[in-house]
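Work through the exercises below with the sequence and the model at hand, and try each task before reading its solution.

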Amino acid sequence: MRNRSHIILRYITMGFFIALFAAKIGYNLVQTTVVNADAWNKLAMAELSRTVKITPVRGKLLAADGRVLAANRRLYTIRIDFTSEQFRFNNYREAIPALADSLAVHFPIRNARQWTERLNEPLNLHRQLTGDTDTDRRLRRQLRTWPLLTKLESKEVDLLRTLPFFSIGNSAKTGMVVEPTEERVKPFGSLAARSIGSVGQDEASSERRGRSGLEGSLDSLLYGIPGVAKKVPLTKYIGNWTDTPAVPGYDITTTIDIDMQDIVETELLRMLQANKADWGSAVLMEVATGNIRAISNFERDKKTGNYEVCVNRIFAPYEPGSVMKPVSMLIAMEEGIVKSPHTPFPGHGGRWDYPNSRSPIIDSHPEGIVPASLILPYSSNIGTAEMIMSRWRKNPEGYSQQLAKIGFCEPLNVGIMGEKLPQFKMKPSAVDLSRMSYGYTTAIPPIYILTIYNAIANDGKMVRPRLYSRLERLDTVIDLPVTYVREQVCTPRHAAMIRDMLRDVVMMPRATAYNVLHTSPVPLAGKTGTCYVIENGRYNKQKKRVAFCGYFPADNPKYSCFVFMEWPKIQYIGAASASGQVFKNVALKLHARGMLGNSSDYTLDTHPGTKPTLAALPAGTFTDYTSLIADLSLPRPQITATPAATGAGSVPGVIGLALRDAVRQLEETGYNVTVRGAGTVIDQLPPPGTPAPAGATVRLHLDTADPRPQQN
């Protein structure tokens, strides 16, 4: 009875607290839904009206043949939240040995012992927790986002979920947090890396945007159009609902040819390693279209001596030196100063003390009179200066106006971040003019010089260099047409005259590039250029920048190329022996790979609607072909004959077979072989069908003559 009263008392007490708790719930319910309804509705509307920007997928950069140069790749970072309320510490401790072994096998960035130490680190941190101090808060932050692995592929994440402890499956109990990240990858590594450029976090918007190269200059096309997601109430939570989907960026097809890029980089790097130049750059462009097929830039690390990919100097201004002389020649021809290759100019015996100049103009090929045809082959500074001064001595700014006329004051808009305009005086003095004419007191990006040479090779059509040719997104495809800086920068006749001069630079004895380049089986044309390096406002006569600009094949130009490097120190230090040799090697390798239109491949493109026929003929079909080879004095073909049938234990008949087939036939039946002559088997001893034990020797007589009667 007494126990019953105690039980009733307990029930009454529990009922009281339940009623009190229910009253509290009812009170809060009234407060939330009635008294404070407006405030809560306002907060809900604020959350539901909030929008989230959806980041678009960045477009790919593709090589000319469609191979990927740069693309987004989704990777994952794995973290463990040790502060999760359901985290199973006991299971984790017990699984550490097995988990460490598994991680060492599948993720061998650490061995099993190192993985064990790594997995025990968060347990050691957890033991240091004592209360609610600043140290504890810092430790909890570490334990909440403790990193396990980074940059995992999706399949690697799936694999991780099968390993000990993580196979529990419940992320609340394992604490596994999978963070997706977007990474811009370049499958070809450093190949054309500077031209491709880089992508990084924008400080203002926290978006990943292009920073340099094509990634930077084409960022607005590659980035795409962000979408918008609104907050909507779902069954258990407020989630994102896509209102306006993001539009992915364009996939952009560049003009870079991976194979040509590899050739240019290899040849440039090989020369730099040989002559120890401070840095070097090269660019290869297609004459007809202006498509830049390759760009390479290397700089020597002063500490290690190794060459690394560096800034793109093709678009930065430098004093061009003598590669500027063909530009002056083009202007002189267009202005009627040079009317024929025989137009003479004073040579001053190789030294011209021009009035008011601090130093004379010197020529390495002293001449009294320099005809226009020798100015470029002999690289005559005096001839070039006299040619330009004869028209603009009293009006030096007229030459600058001519440079502007041919496009030297306009951006080329090649499609790469960091392009610079040429720098030259619009109102030079007469002394300045004399130096400007052959490439001093100016700073011109190599791409501008190359564009003029390309125009000379292209009959005067000044095509605009470009680094991309096609945009593609969803159902939109935009093929970009070839454009021109000037439809005709010079007449075809003048272009042909300058081409003859540039060919003479390579082929004329005593010309500046003759010794190095004239033996090339690929016809070359171009101009050497040497310029002293400016340091502290003065020319350092010990340091030179050497260049070669030209095109090939000279008789049918397909590619133009500019190579230059700063301060080569040993072996190959001249403009022709250093930059010119790289130019030559690039041309030879393109020729060797059939990239200059010299491929003999039999394709449907060259022979539409036809199929190739095999030159090899089966036995018994050697008919009218004999008269053809007789007329052309060709060697007779070897014909595979059918061996004579023989019985078991007798020598096989191999007359008419080629040596390899005959030897194989005899050795497979157990006979040894000796050979005399070359060609096909015309006789054998013992004769076919002769009984002979295994191990006997068969002597073969070979000749190039057909052993059987010929059919007419």
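The protein has 22 helices and 27 strands, where helices (H or I, at least four residues) and strands (E, at least two) are DSSP runs numbered from the N terminus. This is a predicted model, in which local features need pLDDT of at least 70 and side-chain atom pairs count only at pLDDT 80 or more, while totals for chains, interfaces and linings use all residues. Residues are numbered from 1 along each chain as its sequence is written, and side-chain values use heavy atoms, with hydrogens and water left out.

**Exercise 1.** Find which residues of helix α5 are buried, and explain how they are placed around the axis.

Solution. Begin with the term: buried means under 20% relative accessible area, exposed over 50%, and partly exposed in between (1.4 Å probe, protein chains only). In α5, which spans residues 134-144, Asp136, Leu139 and Leu143 are buried. Because they cover an arc of only 65° around the axis, they lie on the same side of α5; the arc is that of the directions from the helix axis to the C-beta atoms. Next, look at what covers these buried residues, which includes β3 (68-80), α4 (112-127) and β4 (146-152).

**Exercise 2.** Decide whether aspartate 432 is buried or exposed, and find what it touches.

Solution. First locate aspartate 432 in helix α16, residues 430-436. Its relative accessibility is 15%, and therefore aspartate 432 counts as buried. Leaving aside residues up to four places away in sequence, aspartate 432 touches Lys425 and Thr441, a contact meaning heavy atoms within 4.5 Å. Finally, the side chains of aspartate 432 and lysine 425 are joined by a polar contact of 3.0 Å (a pair of N or O atoms within 3.5 Å; within protein, one must be able to donate a hydrogen and the other to accept it, and residues adjacent in sequence count only if both atoms are side-chain atoms).

**Exercise 3.** Describe how helix α12 (residues 325-334) passes helix α14 (residues 381-392), and then how α12 passes helix α18 (residues 492-507).

Solution. Two packed helices are described by the angle between their axes and the distance between the axes. Axes are lines fitted to C-alpha atoms, for helices over the stretch in contact, and angles run from 0 to 180 degrees between N-to-C directions. For α12 and α14, the axes come within 10 Å and cross at roughly 35°. The contact is made by Lys325, Ser328, Met329, Ile331 and Ala332 of α12 with Asn381, Thr384, Met387, Ile388 and Trp392 of α14. For α12 and α18, the axes come within 10 Å and cross at roughly 145°. Here Pro326, Met329, Leu330, Met333 and Glu334 in α12 meet His494, Met497, Ile498, Met501 and Leu502 in α18.
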